[in-house]
Amino acid sequence: HNSLSDETWVISNAAEQKLLKKIISNSKKLEEYVGVMGKYGIKTGLTEAFVLDPSKAEELFQINPKNRNHIFPFLSGREIKPYLSGTSSNYLIKFEKGFTNKNGGSQPENWFRTEFPDLAMHFDQFKEKAQARADKGDFYWELRACDYYDLFQKPKIMYQVLQVKPCFIYDEDGLFCNNSMWFIPTSDKVLLGILNSSMGWWLISKYCSAIQNGYQLIWKYFSQIPIAIGNAPVRQEVKNAVEEILLVKKLNPSADTSVQESAIDQLVYQLYGLSPEEIALVEGS
C-alpha cells in the first residue's frame, strides 16, 4: 500500500516492484526522455476520398507533377514489422485546412480547380460525403487542422497502438500513417532499440492496458515507461546494432536479423543495469 501514489499504478508482484523501483531510479519517463508528446496518425473522415491505391496515385503524378507535393505514402498499422521502414500500399491526398484560402486569393475554389483540376475532379465524386464530415478543413478536399503535419516528414519512430509483440519502425522517408498508428518525433535509434527489445516489451506490459495477447499503447500510459539514461559506451553499441539492422532491412526486407536483435536485448539489459537474476525475471514474465 505504501508504494502506491497518485501517478500511474503498476500492479506487479513484490520482486517485479523491486526491479521497477531500481529501473526508475536510473531512468526518465518516455515523455520526459523525448521531450515531446507522441502524435497520432491522420484522421481523414473519409478514407475512400483521401486514400489512393498506387495505380491511381501514379496516374495523378503523370497528369500533373505538382500533385507530388500533395500525395504521400500512407501506412496502416498492419503493414509494418519491427525496425523495417514501412512499405506503404496506399497514398494520402493532403491539403490541410487553410491551404486553399491561403493560396487562392479572392476566389480560392476557382484557384484550386485551375491549379489542381484532376484532384478537384477526383474529390467532386465524393463531395456530398466529404462535406458531411464533422471534422474537416475549410473545403471538402481539405483535411482537419493539425499543427504537426510537418513532423511526418522528419525522422520519427512509428508504432501500432495495438501490439501483440514489439513493433516499432524508424522512418526518415516522410511516411504518413492512419490513426491506428502513432509516432514519436525523434531520430533516437537507441530508443528504437529499447522499445523493440525484450526489456522494452516487459516495461510496456507493466504500464499499458492488456488486450487479447498484447497491449494497447495509449500515450497516457505508454509515455510513463522508464527509459534508461547514461552508460554512453553501451548506448553507442545499441545504436550501432540498430543501424546495422536498418541497413540490412533496407537492402533486404525479409533478411533475418535475429542475431542482431538478440544482441540488442543483452545490451539493453546492460543499459538498465540488470543482474542475471533480474534478466531471468523479465524473460520469465
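Biologist: How do the axes of helix 12 and helix 13 cross?

Modeller: Axes are lines fitted to C-alpha atoms, for helices over the stretch in contact, with angles from 0 to 180 degrees between N-to-C directions. Helices are DSSP runs of H or I, at least four residues, and strands are E runs of at least two, numbered from the N terminus. Here helix 12 (residues 232-251) and helix 13 (residues 258-272) have axes that come within 9 Å and cross at roughly 160°. That makes helix 12 roughly antiparallel to helix 13 (angles over 145 degrees). This is a predicted model, where local features need pLDDT of at least 70, side-chain atom pairs count only at pLDDT 80 or more, and totals for chains, interfaces and linings use all residues. Residues are numbered from 1 along each chain as its sequence is written, and side-chain values use heavy atoms, leaving out hydrogens and water.

Biologist: Which residues of helix 12 and helix 13 meet?

Modeller: Contact means heavy atoms within 4.5 Å. Helix 12 brings residues including Val-238, Ala-241 and Ile-245. Helix 13 brings Ile-264, Leu-267 and Leu-271, among others. By class, the contact has nine nonpolar, two polar and four charged residues. Ala, Val, Leu, Ile, Met, Phe, Trp, Tyr, Cys and Pro count as nonpolar, Asp, Glu, Lys and Arg as charged, the others, Gly among them, as polar.

Biologist: Which element gives the largest share of the lining of the second largest pocket?

Modeller: Helix 12, with five residues. The lining has 16 residues, and Ser-85, Tyr-170, Asp-173, Leu-246 and Lys-250 lie nearest the pocket's centre. They divide into six nonpolar, three polar and seven charged. A pocket is an open set of points on a 1 Å grid over the protein atoms alone, where a 1.4 Å probe fits, with protein on both sides within 12 Å along at least five of seven lines; lining residues have an atom within 4 Å of a point.

Technical notes. Angles under 35 degrees count as roughly parallel, over 145 as roughly antiparallel, 65 to 115 as roughly perpendicular and the rest as oblique.
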